[in-house]
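Reader: I would like to learn how to read a structure of this kind, feature by feature. Could you take me through the general idea each time, and then the case at hand?

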Amino acid sequence: MFSNIFKVQTTKVFTQRLFFTTTVNKNGRLSGKVALITGASDGVGKESSLLFAKEGAKILLVDINEAKGKQVADQIKTLGGEAYFFRADVSKAEDCKQMVEVAEKTFGKLNILFNNAGIMISDDDDSVKTTEAVWDQTMNVNLKGVFLGCKFGIPAILRAGGGSIINTASFVACMGAATPQIAYTASKGGVLAMTRELAVIHAREKIRVNALCPGPLRTELLDKFLDTPEKRNRRLVHLPMGRFGQADEVAKGALFLASDDSSYVTGSTFLVDGGLTAAYVTPIDKN
Ligand SMILES: NC(=O)c1ccc[n+]([C@@H]2O[C@H](COP(=O)([O-])OP(=O)(O)OC[C@H]3O[C@@H](n4cnc5c(N)ncnc54)[C@H](O)[C@@H]3O)[C@@H](O)[C@H]2O)c1
């Protein structure tokens with residue numbers, strides 16, 4: 001019995017060390033890999049950039065927010081890692097072409113493409129109220145942005161001999177809500193379907209493609225949208241754990257998909273959602 005307890009504790013400590021190490025591990029799970037991460041200045045993209053770098057990857061951070069992106073790149077360099085920031089708007093073909101060229105020129109190759117940039121516009125609503133402008137902007141960033149990332153990223157990954165692509169969808173691609181964001185939901189459904197197809201197309205070319213589907217997270221994206229306690233509580237009641245997720249919890253899922261630990265995982269709907277999509281009736285809070 002004691003040996004079992006020890007085993008559990010040792011594993012826990014090891015896991016904590018792995019995830020919460022403060023410097024770059026040159027023999028980490030992504031050592032020798034080059035990763036391009038979009039939406040890298042904040043939230044999931046920022047946490048993933050830091051975690052991937054700590055696991056030994058060289059990172060090209062891509063975002064429209066240059067000031068914050070450069071800060072993340074500097075943070076990585078302080079940890080002893082290699083990172084470079086490139087400003088690109090993922091909804092623009094020329095920007096996406098250039099970001100891939102910069103990754104290859106700066107670091108010599110591209111192994112991991114994390115198409116993570118996304119937006120949620122506050123007046124995205126049901127099909128009657130949502131404007132065409134909101135629809136178009138959401139689709140351009142969330143869906144076309146992922147398409148363009150793959151369009152220019154896949155040839156580079158093929159040149160590197162294969163790799164891993166992670167496209168950020170969402171739990172809303174898997175379930176409906178009576179608190180509508182019709183353009184956002186449709187864009188994420190598109191990401192999920194496109195990812196499955198890409199996974200099948202490239203399965204014999206050593207490229208794995210997975211859709212990362214986070215549950216609701218405490219990042220700027222959701223905080224802006226859920227700006228009152230009523231709006232937040234309307235969602236929290238549906239979460240089995242009774243809390244929103246954190247960006248670093250999703251980054252750990254992204255790390256699994258990026259690394260060779262997921263060598264037999266492709267075309268997956270990879271949910272990191274605190275059990276949200278599994279729930280019918282959630283527990284009563286005992287506190
Ligand atoms: N936060 C959530 O609750 C939640 C839930 C499910 C899925 N997601 C998805 O996860 C991803 C990351 O979300 P987050 O919560 O970290 O958001 P965030 O707002 O914290 O960060 C998004 C980043 O993307 C950048 N960005 C926006 N438009 C861009 C563009 N056109 N080109 C390049 N960069 C751009 C922003 O500047 C920002 O740095 C998004 O795709 C989002 O839809 C988020």
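**Reading strands, core and ligand shell**

Author: Let us begin with a strand that is mostly covered, strand 2, in which 6 of its 6 residues are buried. Please keep in mind throughout that this is a predicted model.

Reader: Which residues point one way from strand 2, and which the other way?

Author: Lys58, Leu60 and Val62 point to one side, while Ile59, Leu61 and Asp63 point to the other, and all of them are buried.

Reader: How do strands of a sheet pair, and over how many bridges do strand 1 and strand 2 pair?

Author: As a general idea, strands of a sheet pair through backbone hydrogen bonds, and the pairing is either parallel or antiparallel. Here strand 1, residues 34-38, and strand 2, residues 58-63, pair in the parallel sense over 5 bridges. Within that pairing, Ala35 has Ile59 of strand 2 as its bridge partner, and Thr38 stands opposite Val62.

Reader: What is the order of the strands in the open sheet?

Author: The open sheet has 7 strands in the order 3-2-1-4-5-6-7, with parallel pairing. Strand 3 (83-87) and strand 7 (269-272) stand at the edges, and because each has a single partner strand, one side of each is left without a neighbour in the sheet. From one strand to the next, the twist averages 20°. Helix 3, residues 66-78, packs on this sheet and touches strand 2 and strand 3, its direction making about 170° with that of strand 3.

Reader: Which strands does helix 5 lie across?

Author: Helix 5, residues 132-159, lies across strand 1, strand 4 (112-115), strand 5 (163-168) and strand 6 (207-214), and it runs at about 175° to strand 4.

Reader: Why is strand 5 largely enclosed by the rest of the structure?

Author: Strand 5 is described in that way because 6 of its 6 residues are buried. Both of its faces are covered, with Gly163, Ile165 and Asn167 buried on one side and Ser164, Ile166 and Thr168 buried on the other. Strand 5 runs parallel to strand 4, to which 4 bridges join it, and Ser164 in strand 5 is the bridge partner of Ile112.

Reader: Which residues of the largest nonpolar core touch the most other members?

Author: The general idea is that, in soluble globular proteins, nonpolar side chains tend to be buried together. In this structure the largest nonpolar core has 70 residues, of which Ala35, Leu36, Ile59, Leu61, Leu212 and Ala258 touch the most other members. Helix 5 gives the most to this core, with 8 residues. If neighbours within four places in sequence are left aside, the contacts of Leu212 include Ile166, Val250, Leu257, Phe270 and Val272.

Reader: Is Leu198 buried or exposed, and what is it in contact with?

Author: Leu198, which lies in helix 6 (residues 182-201), counts as buried because it has 23 C-beta neighbours inside 10 Å, the cut-off for that class being 20 or more. Its contacts, leaving aside neighbours within four places in sequence, are Cys150 and Val209. The C-alpha atoms of Leu198 and Ile165 are separated by 9.5 Å, although these residues are 33 residues apart along the chain.

Reader: Where do Thr266 and Lys206 lie, and why is Lys206 partly exposed?

Author: Thr266 lies in the loop between helix 9 (247-258) and strand 7, and Lys206 lies in the loop between helix 6 and strand 6. Lys206 is partly exposed because 14 other C-beta atoms lie within 10 Å, whereas Thr266, with 20 other C-beta atoms within 10 Å, is buried. The two residues are 60 residues apart in sequence and 10 Å apart in space, C-alpha to C-alpha. Not counting residues up to four places away in sequence, Thr266 touches Ala199, Ala203, Arg208, Val209 and Asn210. Lys206 also has a phi near 65°, a positive value in a residue other than glycine.

Reader: How many residues surround the ligand, and which are the closest?

Author: There are 28 residues around the ligand, and the closest are Gly39, Gly43, Gly118, Thr219 and Leu221. The residues of this shell divide into 12 nonpolar, 12 polar and 4 charged. Helix 2 (43-54) and helix 7 (220-225) each supply at least two residues of the shell.

How values were computed. Residues numbered from 1 in each chain as written. Predicted model: local features only at pLDDT ≥ 70, side-chain atom pairs only at ≥ 80, totals over all residues. Near = placed C-beta within 6 Å. Nonpolar A, V, L, I, M, F, W, Y, C, P; charged D, E, K, R; others polar. Pairing = 2+ DSSP bridges. Axes fitted to C-alpha atoms, helices over the stretch in contact; angles between N-to-C directions. Contact = placed C-beta atoms within 7 Å. Core = buried A, V, L, I, M, F, W, Y, C linked by C-beta atoms within 7 Å. Buried ≥ 20, exposed ≤ 12 C-beta atoms within 10 Å, placed from the backbone.
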